[in-house]
Amino acid sequence: MGELTERVRAFARERDWEQFHTPKNLAMALAGEVGELLAELQWLTPEQSAAVMADPELGPRVRAELGDVTIYLVRLADVLGIDLVDAALDKLGEAGRRYTVEAARGTAAKIKD
């Protein structure tokens, strides 16, 4: 993750884009890219969406959109000084405490605090 962060940071710096990379702008760009990913999957059946990467036309588009989402997420975290791996591990720990195996196994129901 560190190498990717450095490469994305350098990419922005080389183009003098740091001035535009405010948290607000990056969050909006990230949301836009997530929207483009959703558009690729929007009208697929659950079965089609599970097999999307086997589709020679749609699979590469989904992969590219995931790449865009990742780049903006990494850049936003970098600008905010957040270690994404640490943040994800913290969140996973919280989810594990909230959604215990006994309470959550086999159900998608939201567990109240």
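Because the model is predicted, local features need pLDDT of at least 70 and side-chain atom pairs count only at pLDDT 80 or more, while totals for chains, interfaces and linings use all residues. Residues are numbered from 1 along each chain as its sequence is written, and side-chain values use heavy atoms, with hydrogens and water left out.

**View 1. Overview of the protein chain, with six helices and zero strands.**
From the N terminus on, the element order is α-α-α-α-α-α. Helices (H or I, at least four residues) and strands (E, at least two) are DSSP runs, numbered from the N terminus. The C-alpha trace spans about 50 × 40 × 25 Å along its principal axes. The radius of gyration is 17 Å, whereas a compact globule of 113 residues would have one near 13 Å. This radius is taken over C-alpha atoms, and the globule rule is 2.2 Å times the number of residues to the power 0.38. Buried residues account for 19% of the 113. Buried means under 20% relative accessible area, exposed over 50%, and partly exposed in between (1.4 Å probe, protein chains only). The accessible surface is about 8,500 Å², and carbon and sulfur atoms hold 59% of that. Areas come from the Shrake-Rupley method with a 1.4 Å probe; for residues, only the protein chains shown count as cover. Of the contacts (heavy atoms within 4.5 Å) between residues at least 6 apart in sequence, 58% join residues at least 24 apart.

**View 2. Helix α1, residues 2-14.**
This helix has 13 residues and reaches 18 Å from its first C-alpha to its last, close to the expected 18 Å at 1.5 Å a residue. The expected span is 1.5 Å times one less than the number of residues. Thr5, Val8 and Ala12 are the buried residues of α1. They lie on the same side of α1, because they cover an arc of only 70° around the axis. The arc is that of the directions from the helix axis to the C-beta atoms. The buried residues of α1 pack against α4. Glu3, Arg7 and Glu14 are exposed on the other side of α1. Asp16 follows α1 and has a positive phi, near 55°.

**View 3. Helix α2, residues 23-41.**
Here 19 residues reach 27 Å from first C-alpha to last, close to the 27 Å expected at 1.5 Å a residue. The buried residues include Leu26, Leu30, Glu33, Leu37 and Glu40. Their arc around the axis is only 70°, so they sit on the same side of α2. They pack against α4 (58-80). Exposed Lys24, Met28 and Leu38 are on the face turned away from the buried side of α2.

**View 4. Arg61 in helix α4.**
Arg61 counts as partly exposed because its relative accessibility is 34%. Its side chain makes a polar contact of 2.9 Å with the side chain of Glu40. A polar contact is a pair of N or O atoms within 3.5 Å; within protein, one must be able to donate a hydrogen and the other to accept it, and residues adjacent in sequence count only if both atoms are side-chain atoms. Arg61 and Leu37 are 24 residues apart in sequence, with their C-alpha atoms 8.4 Å apart.

**View 5. Asp78 in helix α4.**
Asp78 counts as buried because its relative accessibility is 19%. Not counting residues up to four places away in sequence, Asp78 touches Thr5 and Arg9.
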